[in-house]
Amino acid sequence: MQFITAEDAAGAGDVVVVGSGFGSLFFLKRYLELKPRSRILILERGRHNTSEWQQKNLKNSDLPETSTFVNESPKDWAFTIGLGGSTNCWWGQSPRLHPSDFELRTRHGVGVDWPVTYDDLIPYYKQVERIMPVSGPDDLDSEFPGTGQYPQRPHRMSSADERIRSTPGHKHFVVPNARLTSPLNGRGKCCASSTCNICPTGAKFTAFNGLADVLSHPGVRICTESEVRALDVEAGTVRKALFAHGGREHLASGDLFVLGANAIFNPLILMKSGIGGHGVGRYFGEKMFARVEVLLDGHQHFDGGTATTCFNLSRLDGPHRGQMGSAVYYIENNPMIPGLRVAKGRWREVMQVSVYVEDLLLESNGIFDEGGELPVLRHAGFGSYARRGLQAAVDAMPAMLKNLPVESITLKEIFPVLGHLQGTTRMGLTKEDSVVDAGLMHHDHRNLLIVGTSVFPTMGSVNPTLTASALSLRAAERMLVRR
Ligand SMILES: Cc1cc2nc3c(=O)[nH]c(=O)nc-3n(C[C@H](O)[C@H](O)[C@H](O)COP(=O)(O)OP(=O)(O)OC[C@H]3O[C@@H](n4cnc5c(N)ncnc54)[C@H](O)[C@@H]3O)c2cc1C
Ligand code: SF4
C-alpha cells in the first residue's frame, strides 16, 4: 500500500474516493479492472489498524464510533472508522436481497420501488460472491433466482437445522456468508470460534485479505487520518475535497469524486457542501434485531460448522408485508450469544434465534447538520410496521420448530443496535424523489457518485452489504462501459 502525506494529496488522484469500506473498495475493484492506469486518491478518516493490531487490542479501531456523532435517538449505531471501514467489524453474512425488496411499493403497496431490479443485480451479485468469496448452499435458487452454486461449499448445519429442514415445505437454508469453508490464499478456514468482528484465522472476508489488490494497486494512493469535511462545487461540477489532517485543512482536487463515508457521513458532507437532492440526510434507519431463546428438551445444540448456520425464510415475503415488516430467522451456533443454559447437565439444550425485521424508512428520521462538527442523529425508534412483523414472526415459531423437542420459546430482548445503517442519500429515478440515480450518480452533479448502504431506499430484512457491494461494481461498469 502506498501511503502519502496530506501535503502530497493535493493533486494525487484523478479519482478522489472518500472512505475505504465496502462501497468505496468494490467500486474501485471494477473501476481499476476497466481503467488500470487510473490515478486514485483514497482519503480515509481513520488510521490503518492492521489485523494484528485489532487482534492484540481486541477492537477494530482506535477511534470509538460513538465519539463521531451526537445521538438523540433511543437506539445506538455501530460501524468502524479506519482503513477498510466496516469490512473489519462485520460478521460476513452475505445473502442477497429478495426480488420483492426492490419492488416493495408495486408488490405490497408500502415504501418505494428501487430504480434497479433484482435481475439487474444478478451478474454483480455473482461477482461479489466470487471476490469475497462466499460460501453457501446450492438449493437457494427457489428464493433467490440465479444463485446457482457458491464458490465455497456450505458450512455444516447443526442437527437442529437438519430437524427443521425435515418439515415438508420448509424454507430453511444454510446462510450464505463470507467465512471460508476451505483455506484460500493464506487465509485459514472458519473454525466456528464466533468472534467474527475479529477473526483469528482470516476466514472472514475483510478489505485486507480480500481486496488487497485494490489497496495495493500501483495507481492507488492512500492518505489516512484525513477527515473529509466538504466538497467544493463550481458551476455544477465537484472540483475539490476539503479535508482535515493533523489539525490543518487541506484540499484535494480531482475529476471524479466517490463518496463512501457511510450513511451518517455521506449526507453530512453533502449538507456541509450545500449539495442537495430529495431527502439528503433523511430516511435514516436500520432493521430491528431481536433475540429469541428456545429451550430444548434433550436436544444438544451448538454442533454446527460456523457462528450462524442457517436462516429461515418463511416470513421473508408475502402479503403480510403490506401491514408489517418482512422477517428472517438466523439460527445462532454461537454459545456466547447470550450464553449456555443454566441447568445442571443441560447447558447445550438451548438455541438462540436472531430475528431481523424490516422497518419503514421514514423521512422524519435523519442526520442533521446543526452547525457543529458532529452530525446530530434523530430517530424515533422502531415503528409499528417492525413491531407487528416481530410479533408475527415470534408467533410463527412453534410451527417452524415443530420437529424439535421445544420446551419454550421466549422473546428475550430487542437489541439497541445492529450495524446496518441505511437511507440518507437514497437512489431513485429523479431528483424529486432521491439523491442519486440507478448508477449511484448524483442527479445534479454528474462527477459525484455516492456508494454504500446510504443509497438504499428500503431495507428488506436480510443483511445489506452484499447488495451495496454489487451496486458499486455495477456503478463502475455503467460509468465506464455503458454510458
Ligand atoms: C458489528 C457489525 C457486524 C456487521 N455484520 C454484517 C454482516 O454480517 N453482514 C452484512 O451484510 N452487514 C453487516 N454489517 C453491516 C456492514 O458493515 C455495513 O452494511 C457496511 O459496512 C456498509 O458499507 P459502507 O461502504 O456504506 O460503509 P463502511 O464500510 O462503514 O465504510 C465507510 C468508510 O468511510 C470512512 N469515513 C467515514 N467518514 C469519513 C470522512 N468524513 N472522511 C473520510 N473517510 C470517512 C470510514 O472510516 C470507513 O472507511 C455489520 C456491521 C457491524 C457494525
Ligand atoms: S467463526 Fe471464527 S473462524 Fe469463523 S469467521 Fe468467525 S471468527 Fe473467523
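## Salt bridges

A salt bridge is counted when a side-chain nitrogen of Lys or Arg lies within 4 Å of a carboxyl oxygen of Asp or Glu. In this predicted model, the structure holds 30 salt bridges. One of them pairs Asp14 with Arg39, with the closest N and O atoms 2.7 Å apart. This pair connects distant parts of the chain, 25 residues apart: Asp14 is in the segment before strand E1 (15–18), and Arg39 is in the loop between H1 and strand E2 (40–43). Helices (H or I, at least four residues) and strands (E, at least two) are DSSP runs, numbered from the N terminus.

## Basis of the values

The model is predicted, with local features needing pLDDT of at least 70 and side-chain atom pairs counting only at pLDDT 80 or more, while totals for chains, interfaces and linings use all residues; side-chain values use heavy atoms, with hydrogens and water left out. Residues are numbered from 1 along each chain as its sequence is written, chains are lettered from A and ligands numbered from 1 in the order in which they are written.

A polar side-chain atom of Thr465 lies 2.8 Å from a nitrogen atom of ligand 1. Taken alone, ligand 1 exposes 1,000 Å², and the protein buries 94% of that (Shrake-Rupley method, 1.4 Å probe).

## Three-stranded sheet

An open sheet of three strands has the order E6-E7-E8, with antiparallel pairing; two strands pair if DSSP finds at least two bridges between them. Strand E6 (227–234) and strand E8 (248–253) stand at the edges with a single partner strand each, so one side of each has no neighbour in the sheet. The twist averages 30° from one strand to the next, with axes fitted as lines to C-alpha atoms and angles running from 0 to 180 degrees between N-to-C directions. Six bridges join strand E7 (residues 237–245) to E8, and Ala241 stands opposite Ala252 in E8.

## Six-stranded sheet

A second open sheet, of six strands, has the order E4-E11-E12-E13-E10-E16, again with antiparallel pairing. Its edges are strand E4 (172–174) and strand E16 (406–414), each with a single partner strand. The twist averages 25° from one strand to the next. Strand E12 (residues 327–332) is joined to strand E13 (residues 350–357) by five bridges, and Val328 has Tyr356 in E13 as its bridge partner.

## Backbone exceptions

Most residues other than glycine have a negative phi, and most peptide bonds are trans. Ala235, in the loop between E6 and E7, has a positive phi of about 50°. The peptide bond from Met132 to Pro133 is cis, with omega near -25°; Pro133 lies in the loop between helix H4 (118–131) and helix H5 (159–165).

Conventions: A polar contact is a pair of N or O atoms within 3.5 Å; within protein, one must be able to donate a hydrogen and the other to accept it, and residues adjacent in sequence count only if both atoms are side-chain atoms.
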